[in-house]
Each structure stands twice: as structure tokens, then as C-alpha cells.
Amino acid sequence: MNEMRSRGAPVRTLVIWCPDWPVVATAAAEGVSSDESIAVIEKGLVFACSAAARADGVRRGLRLREAQARSPRLRDFPYDPVRVDRAFEPLISALEEMSPNVQIVRSGSCALAVRGAARFYGGEHAAALAFLERFAELGVTDARVGVADGMFAADQAARLPGLDLIRIVPAGSSPGFLHDLPLQLLDEPELTALLWRLGIRSLGDFARLPADDVRSRFGESGARAHARAAGLDGSRVVPRIPPEARESVSDFEPPLDRIDQVAFGVRAAAERFIGELAAAHLVCTALRVEITSERGEWRDRGWLHPRWFTAVDVVDRVRWQLQGGSTIESALTSPIARVRIVAETVDRSERHETGLWGSGSEERIHHGLSRVQSIVGHEGVLTASIGGGRSPRERQILVPWGDRLEQKSPATAASRARGRRASGQGALGQREEQAPWPGSVPPPLPTTVFEQPRAVLVLASGHHEVTVTERGELSAEPAYFSPEAAGRQLRPLVAWAGPWPVYERWWDSTARRRFDRFQMIDADGTAWLLALERGTWFAEARYD
């Protein structure tokens, strides 16, 4: 007789959880040990932290400065969800080989209906043990498994502190298992705060409330949270659709220790890779090259293209990545055993077809720059882009042809600069929206920006120099201006505005900087952007 289940009833679910996965994946990509004090930062707040950081008092949600104050040895890296998800992909693929229909709950956590796996492996515990052994073979030795009625209870069973790597809640016992757990596990901040004021402290206290009253007072979201607290989570496992792998792998036996040999060895694989995409009417606009050495060292990098990759372009990217700092030894310390090329972004080829009469000058420019780049290297052809910064000079950034400019918000600029990886981010000519930099020059921006600030002279009506006090007050009103520090071209000022104080790196005793910015118009009608720093006047730019 088939087992009958009512609609919405909890299903036996198995959840595998890898603790601190964003930290583990980021540490592996950055080449550091996850045993160090590490924090992964998102929008200036701690998104995840290692056990060593938690021992120092670092917690999720702390501001970066407070976390650094609690743990002086803290190493912070920006949160890159693509990098974290990519590191979790091999574990999911291995799990799907053992049991189908796996759902990714979040990076580092996945779920599946345990009924089929339990029948195949001889029980829920045996299935959980088989999954953990497979994860251990892939290098994840601290994964935990929870089995319960419903995904919420199984997830809490996997995350419950303790020495047991496998925790199985018997069928029908999920309400009792959840009864004494804290209300915050619902991950509903507003609902939790209101229930706390009503004197409700645990999931069991919340579950005892009448379901109809909860629905009428808190709506559908509150009703779903009430069902989870009562162990009646009826959500089903929604398996992912495994992505179609479009990749090319070149294994070298014996391993190769010369760049030209590796480039020649991947040429045929690159042609097959591009040919298979063309047969499927696809083009690749972003790819990832993964290089593995004889000793097991692994390096990867993402590459972009302003149009789409050809086989020659793919070989060039492999060669540039191997060159690193001009020699193969600068990147890896042993011969190359494998090169894997993965298409990260593909598009329909008809969207990139050339028009009937060609695309004119843009096509010629692209072919010309790509040809020069293939000769002089990836960073030999640069294009101008506008980036973030406080001064016009800082906003002038050169990026390699085909790469996107990686925008940094002012709150995380220093952190991202330390944790930046050598990879292009995005497509040429497109910039993400970013928060305005405090102290930046407002529009309209000056048209002539000096490569090096020029020393100038600003005098008051009595021909003595103008300064700014520590309180931000002028010693006297500016009356004369000279574009030379010697004052040979002294001319009257028609108008001026300022000062606007700018503070940079105030937390760094050696790199801190404080200056005042002015805008002035001389008698010739020329407008200047000036800065006064430590009693010296400089011209940063000119409004032509």
C-alpha cells in the first residue's frame, strides 16, 4: 500500500550544512588559512567570520571598524557571492551523483528529500554518513547533517551546537525538538521583536498561539513562521536544474613547464570549445581559466571580452594568465598538469551578428586593439574609464581593453583594495551605481585635470598668504591669485567659494590626510579648483 501524505504535511528532509562556508571559500580563494581571524565584509558590515574571529568577540552584523577593534589581528575580505557559490558547486555536483533532486538553500547549505536516499543506503543515518564521507573526500571535514520533518527543523538540527555531525529527529518529534529553541531562529526580525515584547521567548511559546489568531494578526508571513515554529513546515524540496557544463579540459602528461608549450597544448581544445559553442548557436563573452600544477596548486581568473571570444582569444588568455609577473614561476611553483576553460557567460550568436554592411569604424577599432593586445599582452592596451574617488585625478582610471572597471564604494574601498583578486568584473563601458564619495568634487567637473597638482599662490588684500585654521575658518578673504608659486602672474580674484574640508584615512597614523578645497575665478575669467594642505596652495584642475 502506498504511503499517503496530506497536502502541506512535513516531509522527511535531510539538510547538509557546511559551517562558515563564506569564510572557508574566501580563505581558499585568497590563499590563507581559515583558522586565522577572518571576516567577510558586505556593505561595511561583517557578513561571516571565522571561529578565531568569534573567539575575539567578532559577530555577524558588526561594523568593520568595531570588528577590527575587537580583533586587532583580523583579516577582512570583501564578500563575493559568485566566488562563494562557485566554490560550493563541486560539492553539489558530487551530492547529485549520489542522490538526485538537491536544493541549494544558501551557499554552504543544501537539502534533499531523504526518503529515496534512505532506501538506497539502508537508512537515514547510513545515507547521512555516506554524504559526509563524500564531502570529506572533497576536503570539507566539518560538514553537519540534520534530518527531521520539514526543512526548517532539519536545518536547525544540522546547526545545533554539539559534537554530533549527524543529528536525526525521529518522525513526529519535530515540534518537541523545536519547542525550547530561541525565537530568533525564525529569522523574522520585526516579528521576533514584537513577539518578544509580548513575552514570547521560544518557538514553543509561539507555536502554542492559535493559528487563526496568528494569521489574522500577522498575515500570511506570520502564519508561515508559526507553522515552522510548530514543526509543521510543509515546504517541499525544490531541486535545482543542473547547469549545462560548457567547458574544455586539457590534461598534460608529463606536466609542462614552459608557457609556449602550454599555449600550444590548449590550442586544439580551445578550437573545440569555441566550435561546440558555435554549433549550439552561442558565443562566449566571459570565461574562466583554471590552472592546476603538478603539486596541486590551483589558480583561476575570470576574463571578459568586449565582443566574444575566438579560439585565438582563448589561447591568449591562457598565456597571459600563465605569464603572471612575466614568468610562469611567479604564479605557480611547479609544472602545469591541467588547464580548464569554463564558459561563464554565453549568449545567442544572432544577437552578435555583424550587420549587412559591417559595423564600420567600431569593428576596425576592435580588431586593431585586439591585435595589438595579443602582441604586447593583456595590460599593454588600456582604455580610459571614470572611477570612484574624491578628486578628479583619482577618478581617471585605465583598465585593460575588454575588462570592466570594478567599482568600489567609499565604505569598502580600503578593504576591497586589500582583497581584490586579479579578475575582470563585468563588461566594458558599463558601471554599477555607487554611493557618492564624501568630500568629492560635485558636478560640473573641471575639464583640465593636472597629472600632478601645481603649486600656486593665494594672497589676501594685504598681500599676505591666506590660511585655514583648525576650526575651518579663513585667516583672511582671498583677493589675489597666481598660477605660479613665485607669484609672477599675480591677478585679482573675481569670485571664490570654500573652504570644504576633506579628511582621508583618518584611522591611519601614517597615511592620514586633511586638506581644504576651494573654487576660485581670476580676473581673466578662468575658474580653478584649488586645495590648501599644510599651508601650501595647489591647483588640482582648471575649468576651461
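This is a predicted model: local features need pLDDT of at least 70, side-chain atom pairs count only at pLDDT 80 or more; totals for chains, interfaces and linings use all residues.
The secondary structure of the protein chain consists of 15 helices and 21 strands. The chain has 544 residues, and 43% of them are buried. Among the contacts with a separation of 6 or more, 58% are between residues 24 or more positions apart.

Strand E1, which covers residues 12-17, is one of the buried elements; six of its six residues are buried, so the strand is largely enclosed by the rest of the structure. In a regular strand, side chains alternate between the two faces of the sheet. In E1, Arg12, Leu14 and Ile16 point one way, Thr13, Val15 and Trp17 point the other way, and all of these residues are buried. Two strands pair with E1. Strand E7 (residues 144-149) is joined to E1 by six bridges in the antiparallel sense, and within E7 the bridge partner of Thr13 is Ala148. Strand E6 (residues 109-113) is also antiparallel to E1, with five bridges between them. Here Leu14 has Leu112 of E6 as its bridge partner.

Helix H7 spans residues 151-159. Eight of its nine residues are buried, and the helix is therefore largely enclosed by the rest of the structure. The buried residues of H7 are Met151, Phe152, Ala153, Ala154, Asp155, Gln156, Ala157 and Ala158. An α-helix has 3.6 residues a turn, so residues three or four places apart point the same way.

The structure contains zero disulfides. Cys110 is in no disulfide, and the nearest cysteine sulfur, which belongs to Cys18, is 7.0 Å away; a disulfide would need the two sulfur atoms within 2.5 Å. Cys110 has a relative accessible area of 1% and is therefore buried. Cys284 likewise counts as buried because its relative accessible area is 1%, where the limit for a buried residue is under 20%.

Eight aromatic pairs were counted. In one of them, the ring centres of Phe47 and Tyr79 are 4.1 Å apart and the ring planes are at 25°, so this pair is stacked. Phe47 is part of strand E3 (residues 45-49), whereas Tyr79 belongs to the loop between strand E4 (75-78) and helix H4 (81-98); the pair therefore ties together parts that are 32 residues apart in sequence. Tyr79 counts as buried because its relative accessibility is 15%.

With a relative accessible area of 66%, Phe120 is exposed, while Tyr121, at 25%, is partly exposed.

Arg201 lies over the face of Trp196, at 3.9 Å from the ring centre. The ring of Trp303 has the charged end of Arg301 over it, 3.9 Å from the centre of the ring.

Definitions and conventions: Residues are numbered from 1 along each chain as its sequence is written. Side-chain values use heavy atoms; hydrogens and water are left out. Helices (H or I, at least four residues) and strands (E, at least two) are DSSP runs, numbered from the N terminus. Buried means under 20% relative accessible area, exposed over 50%, partly exposed in between (1.4 Å probe, protein chains only). Contact means heavy atoms within 4.5 Å. Two strands pair if DSSP finds at least two bridges between them. Rings of Phe, Tyr and Trp (its six-membered ring) pair if their centres lie within 6.5 Å; planes under 30 degrees apart count as stacked, over 60 as edge-to-face and the rest as tilted. A charge sits over a ring if NZ of Lys or CZ of Arg is within 6 Å of the ring centre and within 35 degrees of the ring normal.
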